[in-house]
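Trainee: I would like to learn how to read a model like this one. Where do we start?

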Amino acid sequence: MESLDCASGMVFSDRGRLYTISACPGRRIYGERLFTLSGTEYREWDPRRSKLSAYLTVGGKRFPFRKDSSVLYLGASSGTTPSHVADICPEGKVYCVEFAQRMFRELVGTCETRPNMMPILGDATKPDEYSMFADSVDIVYQDVAQKMQAKILCDNMDAFDAEYGMVAVKARSEDVTASPESIFKEAERTIRERGYRILDDLQLDPYEKAHAMIVIGRE
């Protein structure tokens, strides 16, 4: 078991598989494999179930999460990836925004076992609606499958004064008739026009078709 070379030191690799240290030993979120080594329980982080894990698996290099990071997670769904982010940032806070009520109910159940996860029922396009929960965050992570994904990321980074942002761009959510490459380039253009730097840009094949992870930071 080896720690990946990332700022948090909280993501581990063994024979090509990724793991995080479980913040809630004995509990699975999505049927993931658990195992204990030297008294520490690890959770397998499946790249087919998490775009953030896929990004690291295909060679992503910019991973801004630290043990004490505060993270605004947009599009938290039932909490699969946010639960791993909570493992990675045990001294921080993960603000989990989800719009769909059915998924939000599942998210609440996930957050009940992880005290550093906060469920927020809200619309990611309207950061003013949930700005009362945090004055600022270190990182905005966006996985909202709808149009204007780059704009949504930048709007939330502006609203919460975040230093870093990550967006999992789903090309088919922007325009089913355009090529994924043109969609990714347009997202980059939007980000640069908003005054942010592109730190990394990596397509997520074969784990997620027509997806790219874009990592950004302030100029």
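Mentor: Start with burial. Buried means under 20% relative accessible area, exposed over 50%, and partly exposed in between, using a 1.4 Å probe and protein chains only. Glu188 is buried, with a relative accessible area of 14%. This is a predicted model: local features need pLDDT of at least 70, side-chain atom pairs count only at pLDDT 80 or more, and totals for chains, interfaces and linings use all residues. Residues are numbered from 1 along each chain as its sequence is written, and side-chain values use heavy atoms, leaving out hydrogens and water.

Trainee: Which residues is Glu188 in contact with, leaving aside neighbours within four places in sequence?

Mentor: Contact means heavy atoms within 4.5 Å. By that rule Glu188 meets Ile198, Asp201 and Ile214.

Trainee: Where is the place of Glu188?

Mentor: Helices (H or I, at least four residues) and strands (E, at least two) are DSSP runs, numbered from the N terminus. Glu188 sits in helix α6. Pro180 is in helix α6 too. Pro180 is buried, at 15% relative accessible area. Beyond residues up to four places away in sequence, Pro180 touches Ala171, Arg172 and Ala210.

Trainee: What is the strand order of the open sheet of seven strands?

Mentor: Two strands pair if DSSP finds at least two bridges between them. The order is β8-β7-β6-β9-β10-β12-β11, with mixed pairing. The edge strands, β8 (117-121) and β11 (196-203), each pair on one side only.

Trainee: How many bridges join strand β9 to strand β10?

Mentor: Four, and the two strands run parallel. Val140 has Gly165 in β10 as its bridge partner.

Trainee: Which strands does helix α6 touch?

Mentor: Axes are lines fitted to C-alpha atoms, for helices over the stretch in contact, and angles run from 0 to 180 degrees between N-to-C directions. Helix α6 (residues 180-193) packs on the sheet and touches β10, β11 and β12. Its direction makes about 165° with that of β11.

Trainee: How many salt bridges does a search of the whole structure find?

Mentor: Side chains of opposite charge can pair when their charged atoms come close. A salt bridge is a side-chain nitrogen of Lys or Arg within 4 Å of a carboxyl oxygen of Asp or Glu. The search finds 15. One of them joins Asp155 to Arg194, with the closest N and O atoms 2.8 Å apart. Asp155 lies in helix α4 and Arg194 in the loop between α6 and β11, so the pair ties together parts 39 residues apart in sequence.
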